[in-house]
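Please keep the structure open while you read.

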Amino acid sequence: MKKIFFGLFIALSCYTYGQDCNYTFLGEVKDFHDKSSIPSATIYINEQDKYIVSDFDGKFKIENLCSGTITLTISHIGCETKTVSYQVNNDVFKEIYLEHHLEELTEVVVNSNLKTENTSIEQSLNKEIIENYTDKSLGDALNSLSGVSSLNTGNTIVKPMIHGLHSSRLLIINNNVRLFDQEWGDEHAPNIDINSSNKIEVVKGANTLKYGSDAVGGLILVKPKKYSPVDSLFGSTMLSLNSNGRGGNINTELVKTFKSGYYAKLQSSYKQFGDFKAPDYYLTNSGLKNFNASLTAGYNSFEKGFDAYYSVVSNEIAILQSSHIGNVNDLVTAINSKEPRVIEDFSYDIDYPKQEILHHLGKIEAYKRFKGLGKLSVQYDLQINRRKEFDLRRGDLANTPVIDLRLFTNALQSNLHIDYIDDLKIDTGIMVRYQQNDAISGTGASPLIPDFDKYDASIYAIGNYDLSDTAELSAGIRYDYSRIEATKWYNISDWEDNNYDELFPQFESNTTDNSQILTYPEFSYHNISANLGYSKQFNNDMSIYLNYGLATRVPNPSELFSDGLHHSAARIETGLLTLNKEVAHKFVASFERNNENLGFSISPYYKYINDYIQLIPVGITTTIRGAFPVWEYNQINAQIFGVDIDVNKKISNSFNYNGSISLLKGDNKSDDIPLILMPATNFSNRISYYKEDLNQLTIGLSHKTVLQQNRYPDYNFYTFNPISQEDVYVDISSTPSAYSLFGFNSSMNFKAFKKGNLKLEFNIENLFNTSYREHLNRLRYFADELGRNFNLKIKINY
């Protein structure tokens, strides 16, 4: 046996010494972006358990290698560690590229100074602020920013407004997907669960071309969180309880990350409220139920990766029962009354009128980086929105919606980010989108919006050039093509009264039914949009931003085709086929000082909009359903200008002050009158106390004042009241008085677990139970706003 082992040892020794172990491996470590050398990189040779370091030129040498595989692990401060394997059969030379900008991979700590584009004028909400609104809406959260207000239908349907513009004039991007959810309606709130986001940005300037050409008002970016490539499992649960509405929200999320770069996140929330309460009475039928869930999974490395995302939002929203009017007398009585027509005891029941909305959103995005070029991203996304609006009806149709719309949207887009040139970064991309709207039959009512197909295609290019270390110039251009093909029945009398029979004979079919004619309207649009931006940083924390934007927006289907009773809006709306596209010139500037002790921003803006499309009241008409206000679309030239001012001051190590003021003026230049539905001047103040060594105790007192809007167009009118048999004056234009609200908030953090913590918050909204009405609330004719609310939040991080 000893002879056998000795023989094997001799044989192996001969084989080893017989190998050629004179090979040399030469390597050079370079930056992936610009191919510059990376000196002092650490190279670990796995087979030899040995470390070496690259020289000043990023080069290294490994000598006396035998045939076989060599595995190297290369690391450098600020770079992603990389492991590579090579086959050695002769002398080898390899260039090894490291990513020298790890912020592309790791979790980003959000600072209010970080911008989507360096020349953009924007504000943002980080995760901590978003959690303050966990049981509220996107519009409520954004309302805390200067220059941002909201158009409300009650307190549960909140549409964000930027500088007085909303709906189709705002681009809302959720997880890099443009939101389409019948946003044209004044009472159609965005179907987004803010609990699934990590940061929300509001871009007020012109840097929106990557996402669309029609951001006349601005851009809202709802961004997810980025995760570090580490092996970890963590999550959180937050419970929010409210006295007003006797409900709240629970949100839970669980995240699993891997060192390899893979990650997954599951998030879900449920919200329920009963009837809310004004200071002096309950708001009958004002509750809501809301369920949201989202799932994210992907792989994140520097050179390549993918992200898959799916979310579902389900809303059931009650509409104040007193807002349902049946005749002219109801409307006049409501306007003149101090209390709603219907006041009942508290209830969790959601009765008619109400809305039911189900929104699905899915996307898959993949990216690949190319040496000496940049990063190519390709994304496909799909959305399905089902909207049902229920009215007070009798008989067999009592449980049938009066509006039932299904909107299907899918899009394919790509973006190439070219970053290999030191001072120049370029984004260019293309997008194609198909959209189909189906007005579900069987409602027993004429569809407000008809069936239509919409096709969109676009191409853009955006460049950012560093003029110096402290100055940057950006410019971009975008072309969009849109085509809409609809199928719609018109009353023959309306068709002829609007002169459509002469203007659009090509839309007519040979099909008629009693007094109606079947038409096939088709419209095509070609749009050019552009932007130019400049930013300059100064040594004393000062900076200046200048933006010009040319935005073009085509009429949306509501503006073109509306023809009938919009039940949840309690009005008849009439579109106009002769509408032209809007063309807006936007000028925005900002002078900022980013300093913890004393900081500020002053942001004036001016917008001139040719062919501005507005919806205005023109009278009242009586239908078999009752008497309703009539609102019609028309076009004018408009201008909007104003200024947003924000101030922050560190009073002491524990006390801080934040304040803001927003002033805005909107003019109908064609008719020389004010624009309808413009926000009033408002200002806010907040003083807070923070004590780190007392469980991170925070106590704050906030205040907001909204002045009366004295600039409004007079669209009041007289109409015949069949009950009193006389003409009555209908004042739908006058605005309510100014109001001031105060709030209290507090929070503490406790170390409750080895790897987690517990956070408690106690807040009071409308501290003094003030009775008031907001003129941008569409239900202001019928009831006061909400009274005092006590809020308790409990968050567990684990």
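1. Start with a term. A salt bridge is a side-chain nitrogen of Lys or Arg within 4 Å of a carboxyl oxygen of Asp or Glu. Side chains of opposite charge can pair when their charged atoms come close. This is a predicted model. A search of the whole structure finds 31 salt bridges.

2. Take Lys 795 and Glu 131. Their closest N and O atoms are 2.3 Å apart, and the two residues form a salt bridge. Lys 795 sits in strand β43, residues 789–797, and Glu 131 in helix α2, residues 127–131, so this pair ties together parts that are 664 residues apart in sequence. Are the two partners, Lys 795 and Glu 131, buried or exposed? Lys 795 is buried, and Glu 131 is buried as well.

3. Now look at Lys 136 and Glu 765. Their side chains meet in a salt bridge, at 3.1 Å from N to O. Lys 136 lies in the loop between α2 and α3 (138–142), while Glu 765 lies in strand β42 (residues 756–765), so the pair ties together parts that are 629 residues apart in sequence. Lys 136 counts as partly exposed because its relative accessibility is 22%. Glu 765 has 29%, so Glu 765 also counts as partly exposed.

4. Next come Lys 204 and Asp 644. A salt bridge joins their side chains, with 3.1 Å from N to O. This pair links distant parts of the chain, 440 residues apart. Lys 204 is in the loop between β13 (199–203) and β14 (218–223), and Asp 644 is in strand β34, residues 626–650. Why does Lys 204 count as buried? Its relative accessibility is 4%, and buried means under 20%. Asp 644 counts as buried too, because its value is 2%.

5. Salt bridges can also share partners. Arg 169, Arg 553, Glu 559 and Glu 582 are joined into one network in this way.

6. Turn to the cysteines. A disulfide is a covalent bond between the sulfur atoms of two cysteines. How many disulfides does the count come to? The count comes to 1. This disulfide joins Cys 21 to Cys 66, with 1.9 Å from S to S. The torsion about the S-S bond of Cys 21 and Cys 66 is about 100°, so the disulfide is right-handed. Cys 21 lies in the loop between α1 (2–18) and β1, and Cys 66 in the loop between β4 and β5 (68–75), so the pair ties together parts that are 45 residues apart in sequence. Cys 21 counts as partly exposed because its relative accessibility is 21%. Cys 66 has 31%, so Cys 66 is partly exposed as well.

7. Check the backbone angles. Which peptide bond is cis, with omega near 0°? The bond from Tyr 352 to Pro 353 is. Pro 353 is placed in the loop between α4 (328–336) and β20 (354–370).

8. Asn 64 has a phi near 55°, a positive value in a residue other than glycine. Asn 64 belongs to strand β4, residues 59–65. With a relative accessible area of 57%, Asn 64 is exposed. His 163 is not a glycine either, and its phi is positive at about 55°. Where is His 163? His 163 is in the loop between β10 (157–162) and β11 (170–174). At 1% relative accessibility, His 163 counts as buried.

9. Lys 35 counts as partly exposed, with 40% relative accessibility.

10. The negative side has a patch too. Which residues gather in a patch of negative charge on the surface? They are Glu 344, Asp 345, Asp 349 and Asp 351. Asp 349 is in the loop between α4 and β20. The relative accessibility of Asp 349 is 58%, so this residue counts as exposed.

Methods: Residues are numbered from 1 along each chain as its sequence is written. This is a predicted model: local features need pLDDT of at least 70, side-chain atom pairs count only at pLDDT 80 or more; totals for chains, interfaces and linings use all residues. Side-chain values use heavy atoms; hydrogens and water are left out. Buried means under 20% relative accessible area, exposed over 50%, partly exposed in between (1.4 Å probe, protein chains only). Helices (H or I, at least four residues) and strands (E, at least two) are DSSP runs, numbered from the N terminus. A disulfide is a pair of cysteine sulfur atoms within 2.5 Å. Patches are made of residues with over 30% relative accessible area and no salt bridge: like charges are joined within 9 Å, nonpolar side chains (Val, Leu, Ile, Met, Phe, Trp, Tyr) within 5 Å. Accessible areas come from the Shrake-Rupley method with a 1.4 Å probe; for residues, only the protein chains shown count as cover. Lys and Arg count as positive and Asp and Glu as negative; His and the chain ends are not counted. The place of a charge is taken as NZ of Lys, CZ of Arg, CG of Asp or CD of Glu.
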